[in-house]
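Morning, everyone. Please look at the screen.

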Amino acid sequence: MDCIFCKIANGEIPATKVYEDDTVLAFNDLEPQAPSHILVIPKAHIASAADITPENSAVISHIFEVIAKIAKDNNFNDGFRVVNNCGDSAGQTVKHIHFHLMAGRDFTWPAG
């Protein structure tokens, strides 16, 4: 499989890791949209949120536990944003589910 996030999770491509365990990897985004911008991914390939099933949903739950831990460890006390893009029209450019954890600035809604 030619998935860049699988290659990062497997250690084939370097990344600045923020958190890692047996099922989840978090690393700094190379094109940050906020002072703190971390990508949180499952190590197992799941293409998008549309591919979450009863068999793989536990890892997604664990990702949100990891997000809470990263936010606490990094003192994102003023708040943070978690974004997931699902599909081409939503802006998903890497077809491996990932969550953008951003903090350190004020955000607007719906974009920005």
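F99 is buried, at a relative accessible area of 6%. Buried means under 20% relative accessible area, exposed over 50%, partly exposed in between, with a 1.4 Å probe and protein chains only. This is a predicted model: local features need pLDDT of at least 70, side-chain atom pairs count only at pLDDT 80 or more, and totals for chains, interfaces and linings use all residues. Residues are numbered from 1 along each chain as its sequence is written, and side-chain values use heavy atoms, with hydrogens and water left out.

Now the rings. Phe, Tyr and Trp rings (six-membered ring for Trp) pair if their centres lie within 6.5 Å; planes under 30 degrees apart are stacked, over 60 edge-to-face, the rest tilted. That gives 2 aromatic pairs.

One is F5 with F27: centres 5.7 Å apart, planes at 75°, so edge-to-face. F5 sits in helix α1, residues 4-9, and F27 in strand β2, residues 24-28. Helices (H or I, at least four residues) and strands (E, at least two) are DSSP runs, numbered from the N terminus. F5 and F27 are both buried.

F64 and F99 also pair: centres 5.1 Å apart, planes at 70°, so edge-to-face. F64 is in helix α2, residues 57-73, and F99 in strand β5, residues 99-103, so the pair ties together parts 35 residues apart in sequence. F64 is partly exposed, at 40%.

Next, cysteines. How many disulfides does the structure hold? It holds 0. A disulfide needs two cysteine sulfur atoms within 2.5 Å. For C3, the nearest cysteine sulfur is that of C6, 3.7 Å away. C3 is buried, at 7%.
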